[in-house]
Amino acid sequence: MTRTAGPPAAPRADGRDAIRRVARVITDVVAAAARDARRERLVVLDAGTPEAGLLVRCLTEGGIGLPVERIRSAVGGPASIDGLRARARAAAGVDGLLLDPVNKTVAVLWPETVAEPVLPLADLYASQVAALADGWSAPADAFDLIARAGGIGPVDAFLMEHLDRRRPVEEALRLIPDPDAGAELRDRLAAGWWWRRRLGLVPKLGGRTLGLDLR
């Protein structure tokens with residue numbers, strides 16, 4: 001399983017102020033988690049994605065006050081999330097708190113790929129990450145479905161309509177132009193219920209948050 005960057009995003013609007021607001025929430029939650037877990041440093045799972053860069057920026061601008069180490073993918077090859085995660089866990093040891101910068105779109109539709117206890121960006125959809133970081137990422141095998149569904153914009157619009165505005169799934173799926181892709185999204189959403197119940201700590205940035213409002 002790899003995690004790969006999506007297509008370039010549109011230019012950011014008011015990105016600095018938005019990042020500052022997000023950084024405050026993320027920093028407070030991560031700092032509290034580190035205290036509760038008695039961890040003295042932070043380890044970021046860095047598959048070379050826009051999310052990893054955004055998370056480190058948020059922690060830095062938010063003044064986290066803890067050392068931040070990025071465990072990166074091997075140079076010159078695709079990012080194996082399983083291998084990278086094993087290295088990051090080893091690097092975290094007993095005093096480091098491991099952070100996975102997965103976005104909400106992936107956490108909702110591909111939750112089986114997420115296994116870390118703290119997910120600082122998992123309340124930001126991929127398109128929202130793109131607005132802040134000029135890009136987004138997802139598991140490599142997700143891109144075909146996302147493309148057939150019309151791109152990340154319609155996919156996130158579907159999720160927002162269903163999850164945040166509480167519209168029935170079939171009603172929200174009207175935003176997906178391809179019926180077959182819509183059916184796959186519906187099936188994936190239903191199949192991910194068990195995994196989403198077991199996702200880790202997610203800072204609350206939106207109206208309905210995984211682990212707090214979406215169980």
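These questions and answers go through a predicted model of a protein chain.

Residues are numbered from 1 along each chain as its sequence is written, and side-chain values use heavy atoms, with hydrogens and water left out. In this predicted model, local features need pLDDT of at least 70, side-chain atom pairs count only at pLDDT 80 or more, and totals for chains, interfaces and linings use all residues.

Me: How many helices and strands does the protein chain have?
Reply: Helices (H or I, at least four residues) and strands (E, at least two) are DSSP runs, numbered from the N terminus. On that basis the protein chain comes to ten helices and five strands.

Me: What share of the residues of the protein chain is buried?
Reply: A residue is buried under 20% relative accessible area, exposed over 50% and partly exposed in between, with a 1.4 Å probe and protein chains only. The protein chain has 215 residues, and the share that counts as buried is 48%.

Me: Is Cys-58 buried or exposed?
Reply: Cys-58 has its place in helix α2, residues 50–61. Leaving out residues up to four places away in sequence, Cys-58 touches Ile-19, Val-22, Ala-23, Ile-26 and Thr-27, where contact means heavy atoms within 4.5 Å. Because its relative accessible area is 0%, Cys-58 counts as buried.

Me: How far apart in space are Cys-58 and Pro-120?
Reply: In sequence, Cys-58 and Pro-120 are 62 residues apart. In space, from C-alpha to C-alpha, the distance between Cys-58 and Pro-120 is 9.7 Å.

Me: What kind of aromatic pair do Trp-194 and Trp-195 form?
Reply: Rings of Phe, Tyr and Trp (its six-membered ring) pair if their centres lie within 6.5 Å; planes under 30 degrees apart are stacked, over 60 edge-to-face, and the rest tilted. A search of the whole structure finds two aromatic pairs. In the pair of Trp-194 and Trp-195, the centres are 5.1 Å apart and the planes are at 85°, which is edge-to-face.

Me: Which residue lies over the face of Trp-194?
Reply: A charge sits over a ring if NZ of Lys or CZ of Arg is within 6 Å of the ring centre and within 35 degrees of the ring normal. At 4.0 Å from the ring centre of Trp-194, the residue over its face is Arg-198.

Me: Why does Trp-195 count as partly exposed?
Reply: Trp-195 lies in helix α10, residues 193–196. Trp-195 counts as partly exposed because its relative accessible area is 38%.
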